[in-house]
Amino acid sequence: MTVGSSEAMNAPLRIALSLRGMTVAYDGKPAVFSLDADFVAGRMTAIVGPNGAGKSTLLKAALGIVPRVSGEVSVFGGTFEEGRHRIAYVPQRASVDWDFPASVADVVTMGLYRGLGLLGRMRTEHRRRVGDALERVGMQGFAGRQIGQLSGGQQQRVFLARALAENAELYLLDEPFAGVDAATEAAITEVLKGLRDEGRTVVAVHHDLSSVAETFDRVLLLNTEKVAEGPVSDVFTEAAIHKAYGARGGVALNPIGGVVRAPET
């Protein structure tokens, strides 16, 4: 499935996540400023920008993990509280305590707690969901392994499996490809595209400009403020990338719009 400017000619787009007037500040300095953005349902959207642009902060503020100065969050047309059960979040791997004494199966089971409750009994259907999630990310043989014994790529797959176990409609991922090998990146990409093809929505903070066009349908270019938003084929241009990244490094676009060389951040 490839989505381009033709989407503008189709029926009105369904919005999975809408942000209005989003402002977040640290020590009085805006990290995200007065941002409006709409993340289209059934699409894969990359949030792209230089280091310190507010990409991860934007996701965390939308989820209420960090406080915002101002801003409204809407999920599938309703309030955040009404729609939070439809969201799964995958944090940055570096933010997780991997020494915690939990097995791979334990971590994935955490994705069931919203419906199961902390003291709920695991039934056959729940174990099947855990097993299916692990199989989908290629980690079915590691269920009993302690999470700290895994490689970085394996850890990332496990956290994605935890999100899959939630059976969400909207997946928010913070740098899912950071620090993983090529095989893991390909496996994660396949899973995320599979979710998209099932009609689910994927929003990912992403740092590799060279893979945006081949992986994502839409892009939000961000540098504290919104620079551009829309289908990759329409807004992921040399001018927009230069505006987002400033003079930090060069950008070259091939004839069909793919980034050949990305800015150094």
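Predicted model: local features only at pLDDT ≥ 70, side-chain atom pairs only at ≥ 80, totals over all residues.

I see strand 9 (residues 218-223) pairing with strand 10 in the antiparallel sense, over six bridges. I also looked up Asn223, and its bridge partner in strand 10 is Glu225.

Six strands make an open sheet in the order 6-7-8-3-9-10, with mixed pairing. Which strands stand at the edges? They are strand 6 and strand 10 (225-231); each has a single partner strand, so one side of each has no neighbour in the sheet.

Helix 6 (residues 152-165) lies across strand 6 and strand 7 (170-174), and I get about 170° between helix 6 and strand 6. Helix 7 (residues 182-197) lies across strand 3 (44-48), strand 7 and strand 8 (201-205). Its angle to strand 3 is about 130°.

Helix 5 got its own entry. I did the length check: at 1.5 Å a residue, the 13 residues of helix 5 (residues 124-136) should span 18 Å, and the end C-alpha atoms are 18 Å apart, so that agrees. Which residues of helix 5 are buried? I find His126, Val130, Ala133 and Leu134 on that list. Looking down the axis of helix 5, I see the buried residues fall within an arc of 100°, so they line one face of the helix. After helix 5 comes Gly138, and I noted its positive phi, near 75°.

Ser18 is in strand 1 (residues 15-26). Is Ser18 buried or exposed? I get a relative accessible area of 13%, which is under the 20% cut-off, so Ser18 counts as buried. Its side chain makes a polar contact with the side chain of Asp38, at 2.8 Å. Beyond four places in sequence, Ser18 touches Ala37, Asp38, Glu72, Val73 and Ser74.

Ser103 I found in the loop between strand 6 (87-90) and helix 3 (104-109). Ser103 is buried as well, at 14% relative accessible area. Leaving aside neighbours within four places in sequence, Ser103 is in contact with Ala143, Gly144, Arg145, Gln146 and Ile147.

Methods. Residues numbered from 1 in each chain as written. Heavy atoms only, no water. Helix = DSSP H or I, 4+ residues; strand = E, 2+ residues; numbered from the N terminus. Buried < 20%, exposed > 50% of the residue type's maximum accessible area, 1.4 Å probe, protein only. Polar contact = N/O pair within 3.5 Å; in protein donor to acceptor, adjacent residues only side chain to side chain. Contact = heavy atoms within 4.5 Å. Pairing = 2+ DSSP bridges. Axes fitted to C-alpha atoms, helices over the stretch in contact; angles between N-to-C directions. Expected span 1.5 Å × (residues − 1). Arc of directions from axis to C-beta.
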